[in-house]
There are 2 protein chains.
Amino acid sequence: MTNTGQNNWAENVEAALREHGLRLTAQRLAIAQAFFEGEGHPNADELYARVKVRNPAIGQATVYRTLRLLQEVGLASSSTFGTSASRFEASDGEHHDHLVCTQCDLIVEFVNPTIEQLQDDIAATHGFVLTSHRMELYGLCTSCQKG
Amino acid sequence: MTNTGQNNWAENVEAALREHGLRLTAQRLAIAQAFFEGEGHPNADELYARVKVRNPAIGQATVYRTLRLLQEVGLASSSTFGTSASRFEASDGEHHDHLVCTQCDLIVEFVNPTIEQLQDDIAATHGFVLTSHRMELYGLCTSCQKG
DNA sequence: GTAGATGCAAATAGTTTGCAGCAAT
DNA sequence: ATTGCTGCAAACTATTTGCATCTAC
């Protein structure tokens, strides 16, 4: 889900940190703000660049550590989307999959309950208990087809 | 698809190389043999280890270069399956997806035409022209659930 | 006050590349 | 003979980690 900007990320982060016995530091808040109030699916470097605009003292390692932390507490998730660096997005509980334009890197999110159901069926058929899954469709978006 | 061992990989490799104006070297044949006659979804290091048993002089870079080459001519494909190193498999034209056990790294392949159809529909809805896609289900296999 | 967090730099993992020599065509 | 291929080592990219210092609790 694309971040909307006018939301309760701060409460969520604070609650998650508290619940896990972690400290609410200025750096974590700054990184979380850049992440949740920003658009798209940034990689660590892009998020680091965003953060540095307002907080030049923050280190890259802290960005990596905070992104891992957000994933561990369930507020973020990541995928490489076919490229070398991981890209991150906010998790809002509602699972979705991705359409990725291989030319302009546009990422479109979609939800398809039928596919979700089929995935469960397939897992059951093979005796698996599912914990997560990932579906990515790669191609050209409307604009890039014209190029 | 799991490699079977008694097949025509050699012809396919030779034809692909010829078609692309590439040379048929002893190293490429050795690496292709280890790859196509071997089992499972090896990463580059594992394949390198296999190759070195019979051909100790082959370099790691050649394994990487050959794996990239096999992908470029359509005889192999890869995914990270949620881990750090890419894993490779033979492509046989029939698309399949993967169930991955996050505990023992077992990878089970499956085909589901309904999902394939739904993916095309979703792409069409969003105006995308698909070139490829990836679906991976992560969980615990039957044996690992007992552990 | 203390355990946890940070910033820096160094380390690591996976993969790619420059180059001189080698070999398929 | 030419051009591509190989092996080696060095370079590179993305990410993690050790450690001294700092800070939220």
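1. Val129(A) has Leu140(B), a residue of S5(B), as its bridge partner. In this predicted model, strand S5 (residues 129-140) of chain A and S5(B) run antiparallel and are joined by 11 bridges; strands here are DSSP runs (E, at least two residues), helices are runs of H or I with at least four residues, and both are numbered from the N terminus.

2. The interface of chain B and chain A brings 31 residues of chain B into contact with 32 residues of chain A, where contact means heavy atoms within 4.5 Å. About 2,700 Å² is buried between the two chains, 68% of it on carbon and sulfur atoms, buried area being the accessible area (1.4 Å probe) lost when two parts are put together, summed over both. On the side of chain B that touches chain A, S5(B) gives the most, with 12 residues.

3. DNA strand D is surrounded by 20 residues, the closest being Arg23(B), Thr25(B), Gln27(B), Thr62(B) and Arg65(B); a residue counts as near if one of its heavy atoms lies within 4 Å of the strand. Of the atoms of DNA strand D that come within 4 Å of the protein, 65% belong to sugar and phosphate.

4. Residues are numbered from 1 along each chain as its sequence is written, and chains are lettered from A and ligands numbered from 1 in the order in which they are written. Local features need pLDDT of at least 70, side-chain atom pairs count only at pLDDT 80 or more, and totals for chains, interfaces and linings use all residues, while side-chain values use heavy atoms, with hydrogens and water left out.

Terms used. Pairing = 2+ DSSP bridges.
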